[in-house]
Amino acid sequence: MSNIIHESSRGIDLIPLNDKLFSDNNIFLIGPVCRENCNVLIKQIMYLNSKADVDCINLFIDSDGGSVQAGFALYNIIRMVNKPIQTIILGQACSMAAIIYMAADTRLMLPDSRVMIHDPSFGGEHDISGKKPHEIQSELDDLNKCRTKLAELISERTGRSIDEVYEATKDDSFFDTNEAIRFGICTGIFNLNERDLYI
């Protein structure tokens with residue numbers, strides 16, 4: 001991990017870059033949505049939320065998605081804390097990472113980033129080989145419940161009807177910045193050169 005040079009009255013210190021970014025209220029979901037990554041982010045959010053001098057928390061995302069349950073835990077924390085959190089897509093936010101992205105009220109994308117939504121599918125923890133029909137049906141029922149919950153969440157966060165959401169999520173639907181704004185997923189494009197927000 002890179003260090004940065006920090007000069008103070010005590011002299012010159014080498015500070016890990018992650019620590020400096022965190023002290024500026026910047027946190028990162030880079031890589032899979034999993035229990036370990038989400039637990040780290042939950043703790044960071046709870047700590048920053050408790051600080052009086054924090055006005056806004058920036059969550060940067062570049063993730064292909066992952067665990068639905070781990071993602072819901074992070075989503076709920078973002079919705080529950082008092083301090084505003086804005087999410088920014090660096091490269092892409094796919095699947096459960098897109099759901100986490102939508103937890104914030106201010107949702108930004110870098111100009112060439114993208115977001116993808118789709119219906120949930122059986123993951124590695126759902127091996128149906130060797131299972132009896134009623135066991136497979138039980139897992140399918142759980143998957144459909146999850147599909148309904150995700151569709152309702154996307155509908156609530158985007159303003160789209162449930163039918164529109166189901167149509168968009170039946171396959172992998174990728175949105176560039178302008179398409180994401182039109183659909184209601186994204187609230188603005190962040191231009192790094194001008195450090196400005198375009199709605």
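Predicted model: local features only at pLDDT ≥ 70, side-chain atom pairs only at ≥ 80, totals over all residues.
I took helices (H or I, at least four residues) and strands (E, at least two) as DSSP runs, numbered from the N terminus. Residues count from 1 along each chain as its sequence is written, and side-chain values use heavy atoms, without hydrogens or water.

**Whole chain.** I found seven helices and ten strands. Of the 199 residues, 39% are buried (under 20% relative accessible area, 1.4 Å probe, protein chains only).

**Pocket.** I looked up the second largest pocket next. A pocket here is an open set of points on a 1 Å grid over the protein atoms alone, where a 1.4 Å probe fits, with protein on both sides within 12 Å along at least five of seven lines; lining residues have an atom within 4 Å of a point. Its volume is about 260 Å³, the space filled by probe spheres set on the points. Of its 13 lining residues, Asn18, Ile27, Phe28, Val40 and Gln44 are the closest to the centre. Helix H1 (17-23), strand E3 (26-30) and helix H2 (35-50) each give at least two residues to the lining. E3 has the largest share, five residues.

**Asn58.** I placed Asn58 in strand E4 (residues 57-63). Asn58 is buried, at 15% relative accessible area. Its side chain makes a 2.7 Å polar contact with that of Gln86 (a pair of N or O atoms within 3.5 Å, one able to donate a hydrogen and the other to accept it; residues adjacent in sequence count only if both atoms are side-chain atoms).

Conventions
Buried < 20%, exposed > 50% of the residue type's maximum accessible area, 1.4 Å probe, protein only.
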